[in-house]
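Please examine the sequence and the model shown below. The paragraphs that follow lead through it region by region.

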Amino acid sequence: MRKIINSAFISLDGVTADPSSWAVFDSDAAEEAGQALNALGGMLMGRGTYEYFADVMPKQAGPYADAINAIRKYVFSSTLENADWNNSVLIRDDVVTAATELKQEDGGDLMMYGYGRLNQTLLAHHLVDEIRFAIHPVIVGGGAAGRGNGKALPLKLLGATPAPNGVVALGYQPPAS
């Protein structure tokens with residue numbers, strides 16, 4: 001069974017929105033992220049994440065861009081007309097059922113970026129197996145903090161890895177259902 005792993009950038013003041021405008025993502029981070037994507041079986045994306053990456057990444061080159069352009073992308077949206085970016089599959093069905101079926105398939109684990117509605121839905125149905133926050137050494141001073149339902153979710157620390165650029169990557173496991 002495959003795992004669903006959520007990976008999100010977060011600023012020191014708790015902002016997760018629009019990381020492209022503030023995240024510390026240098027060439028070392030891009031190479032590491034590309035290697036991580038190459039080990040996966042696919043990515044899960046909501047409409048907003050898909051639209052951002054589909055607009056930006058086909059114009060890019062390098063280890064990260066090559067990996068994200070090549071990986072299978074499962075796009076969950078009831079409003080998106082089509083998913084034309086390379087190796088993308090549009091899923092309009094019930095999110096919980098579709099994600100459950102994807103987890104049961106053979107292949108590498110599934111990555112989901114960000115901390116939006118798709119992640120919240122999968123967390124609420126105990127489908128997320130691991131959460132990774134990359135805490136960036138910046139104060140954004142505005143923007144949306146993590147979105148939630150107001151209920152605390154206790155997590156088990158799996159590991160912490162500091163990078164030379166000041167980012168600290170944290171891995172957590174949410175409680176089982």
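Arg-2 is in contact (heavy atoms within 4.5 Å) with Gly-41, Tyr-74, Leu-102, Lys-103, Glu-105, Asp-106, Gly-107, Gly-108, Asp-109, Leu-110 and Asp-129, when its neighbours within four places in sequence are left aside. The model is a predicted one, in which local features need pLDDT of at least 70 and side-chain atom pairs count only at pLDDT 80 or more, whereas totals for chains, interfaces and linings use all residues. Residues are numbered from 1 along each chain as its sequence is written, and side-chain values use heavy atoms, with hydrogens and water left out. Arg-2 lies in the segment before strand β1; helices (H or I, at least four residues) and strands (E, at least two) are DSSP runs, numbered from the N terminus. With a relative accessibility of 4%, Arg-2 counts as buried; buried means under 20% relative accessible area, exposed over 50%, and partly exposed in between, for a 1.4 Å probe and protein chains only. One of its contact partners, Glu-105, also takes part in a polar contact, side chain to side chain, with Arg-2 at 3.3 Å. A polar contact is a pair of N or O atoms within 3.5 Å; within protein, one must be able to donate a hydrogen and the other to accept it, and residues adjacent in sequence count only if both atoms are side-chain atoms.

The sheet comes next. Eight strands form an open sheet of mixed pairing, in the order β4-β3-β2-β5-β1-β6-β8-β7; two strands pair if DSSP finds at least two bridges between them. At its edges stand β4 (88-91) and β7 (156-162), each with a single partner strand, so one side of each is left without a neighbour in the sheet. From one strand to the next the twist averages 25°. Helix α2 (residues 47-56) packs on this sheet, where it touches β2 (42-46), β3 (73-76), β4 and β5 (110-113), and its direction makes about 110° with that of β2. Helix α4 (residues 95-104) lies across β1, β2, β3, β4 and β5 and runs at about 165° to β3. For such angles, axes are lines fitted to C-alpha atoms, for helices over the stretch in contact, and the values run from 0 to 180 degrees between N-to-C directions.

Within the sheet, β5 has both faces covered: Leu-110 and Met-112 on one side, and Met-111 and Tyr-113 on the other, are all buried. In a regular strand the side chains alternate between the two faces of the sheet. Four bridges join β5 to β1, and the two run parallel; Ile-4 stands opposite Leu-110 of β5. The pairing of β5 with β2 is also parallel, over three bridges, and Met-111 in β5 is the bridge partner of Met-43.

Strand β1 (residues 4-11) pairs with β6 as well, in the parallel sense and over seven bridges; the partner of Phe-9 in β6 is Ala-134. Five of the seven residues of β6 (residues 130-136) are buried, so this strand is largely enclosed by the rest of the structure. With β8 (residues 168-173), β6 pairs in the antiparallel sense over five bridges, and Tyr-172 of β8 is the bridge partner of Ile-131. Ser-7, in β1, is buried with a relative accessible area of 17%. Beyond four places in sequence, Ser-7 is in contact with Met-111, Met-112, Tyr-113, Gly-114 and Arg-132.

Which residues of helix α5 (residues 117-124) are buried? They are Leu-118, Asn-119, Leu-122 and Leu-123. These residues cover an arc of only 130° around the axis, which puts them on the same side of α5; the arc is that of the directions from the helix axis to the C-beta atoms. Arg-117 and Ala-124, on the other side of α5, are exposed. The cover over the buried residues of α5 includes β1, β2, β3, α4, β5 and β6.

Helices α4 and α5 pack at an angle of about 75°, with their axes 10 Å apart. That makes α4 roughly perpendicular to α5; angles under 35 degrees count as roughly parallel, over 145 as roughly antiparallel, 65 to 115 as roughly perpendicular and the rest as oblique. Val-95, Val-96 and Ala-99 of α4 make the contact with Leu-118, Thr-121 and Leu-122 of α5.
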